[in-house]
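I opened this notebook to keep track of what I looked up about ring contacts and charged side chains. The entries follow the order in which I checked them.

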Amino acid sequence: MLRRKMTDTLSEWKARKKKECLLIKGARQVGKTFIIREFGKQNYDNTVELNFLTDPKYKEAFEGDLNMDSLIEEITLRNKKFRFVPGRTLLFLDEIQECGNARTALKPIAEDDRFDCIASGSMLGIAHKAVRSVPVGYERQVEMHAMDFEEFLWAMGNGEETMAYMKKYYDSKKTVPASTNEVLLNKLREYAAVGGMPSVVNIYLDTHNFGLVHEEQQRIIGSYLDDVERYAKDAEKPKVRACYLSIPEQLAKENRKFQYSLVEEGADARKYENSLEWLRDAGLIKFCRNVSEPVFPLPAYNMRNHFKVYATDIGILNAMYGFDMKQEVCRNTLTGTAKGWFYENILADILIKKDLPLNYFKTDESQQEIEFL
């Protein structure tokens with residue numbers, strides 16, 4: 001089983017929560033459902049799991065009264081095997097974006113406090129689906145990302161000893177031995193090719209076959225494009241798709257400020273701004289804003305129309321450039337500007353998965369740039 005940092009977040013929530021449900025949001029296929037199921041197995045006698053996407057009959061259970069006793073009646077009426085034992089049962093509401101009433105029910109579930117409740121859903125659905133009443137104060141939201149580089153190292157068999165060894169050099173500001181540095185740089189290149197999507201990492205662990213890795217990444221990209229068809233308004237669908245598929249070209253430019261003209265000749269923000277925000281809400285991209293002054297607080301100096309766009313997983317971005325990019329990255333044969341912008345994307349991946357906001361600084365008068373502030 002892949003070790004994930006989200007397990008620590010779940011444990012901390014369980015230990016400290018007071019009348020509060022947990023909502024884990026994130027892009028599709030980053031591992032939300034799996035990690036919650038495993039947490040349920042390890043910490044509760046039983047888990048009542050409702051998936052509103054694959055089993056929509058459970059939506060009906062949330063159409064009447066939303067007090068806990070009524071919900072237990074309605075849920076067990078639809079599945080006689082479910083057991084609700086106070087203090088020992090986890091209620092898991094999966095794909096909650098498909099049932100707005102279930103989101104509203106998080107407040108009475110939390111107030112009742114007999115059962116722990118974790119919900120999960122795609123960022124896109126949570127942002128765009130209608131909800132009767134948002135459970136403010138009774139819902140803690142956490143964003144889950146694909147695996148970061150440290151989690152990837154854990155999967156590859158590098159344990160706490162390796163991390164502690166590296167941290168020793170970091171804390172003392174001493175040079176890492178060249179041999180150690182090269183070993184870990186090779187791991188970083190592997191990570192850049194594979195990325196952090198759990199299904200992709202598992203395939204790599206089982207087979208070490210980059211061809212199969214690439215196929216799985218292409219499947220995930222295809223599923224993201226399917227989500228465009230599922231969730232975007234009809235008028236927005238071709239624009240969202242075009243923006244997403246333009247990302248590799250956008251990031252490979254010498255000036256990586258997002259240019260609408262690369263999506264469509266002569267296009268401007270009025271036509272495509274909403275499409276980019278859709279992709280952000282889906283968890284597929286992050287904005288990196290240019291600031292007019294590199295001073296605190298940075299958000300006060302954001303220039304709205306000057307930004308870059310980064311993919312939220314380096315492996316998925318790698319796959320968007322085609323299979324040959326894996327060869328170049330793993331063999332360390334990227335050169336010149338290509339090496340520069342690709343390693344910049346690795347740094348963006350690391351910062352995104354640390355939940356850090358992305359900002360950069362560049363003026364029109366200078367060619368010099370601070371890529372990340």
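Which residues form one aromatic cluster? I noted that the model is a predicted one, and then found that Phe258, Tyr260, Phe287 and Phe307 make up such a cluster. I also looked at what sits over the ring of Phe307, and found Arg289 over its face, at 5.3 Å from the ring centre. A further arrangement of this kind involves Arg3, which lies over the face of Trp154 at 3.7 Å from the ring centre.

Next entry, aromatic pairs. My search of the whole structure returned 15 aromatic pairs. One of them joins Phe149 and Tyr191, whose rings are tilted at 45 degrees between the planes, with 5.5 Å from centre to centre. Phe149 counts as buried because its relative accessibility is 19%, under the 20% limit, and Tyr191 is buried with a relative accessible area of 0%.

I then turned to Tyr321 and Trp341, which form a tilted aromatic pair at 5.1 Å centre to centre, with 35 degrees between the planes. This pair also links distant parts of the chain, with Tyr321 in the loop between α14 (314-320) and α15 (324-330) and Trp341 in helix α16 (residues 336-352), 20 residues apart. I recorded Tyr321 as partly exposed at 23% relative accessible area, whereas Trp341 is buried at 7%.

Next entry, salt bridges. I counted 36 salt bridges in the model. In helix α2 (residues 32-43), Lys41 and Glu38 lie three residues apart, about one turn of the helix, and their side chains meet in a salt bridge at 3.4 Å, N to O. Is Lys41 buried or exposed? I found Lys41 exposed, with a relative accessible area of 62%, while Glu38 is buried at 15%.

For Arg78 and Glu74 I noted a salt bridge of 2.8 Å, N to O; the two residues are separated by about one helical turn, because they are four residues apart in helix α3 (residues 68-78). Arg78 counts as partly exposed at 21% relative accessibility, and Glu74 is partly exposed at 28%.

I also checked Glu236, which forms a salt bridge with Lys239, the closest N and O atoms being 3.2 Å apart. Glu236 counts as buried at 16% relative accessibility, and Lys239 is buried at 17%. Last, I noted that Lys14, Lys17, Asp113 and Asp116 are linked in a network of salt bridges.

Methods
Residues are numbered from 1 along each chain as its sequence is written. This is a predicted model: local features need pLDDT of at least 70, side-chain atom pairs count only at pLDDT 80 or more; totals for chains, interfaces and linings use all residues. Side-chain values use heavy atoms; hydrogens and water are left out. Rings of Phe, Tyr and Trp (its six-membered ring) pair if their centres lie within 6.5 Å; planes under 30 degrees apart count as stacked, over 60 as edge-to-face and the rest as tilted. Buried means under 20% relative accessible area, exposed over 50%, partly exposed in between (1.4 Å probe, protein chains only). A charge sits over a ring if NZ of Lys or CZ of Arg is within 6 Å of the ring centre and within 35 degrees of the ring normal. A salt bridge is a side-chain nitrogen of Lys or Arg within 4 Å of a carboxyl oxygen of Asp or Glu.
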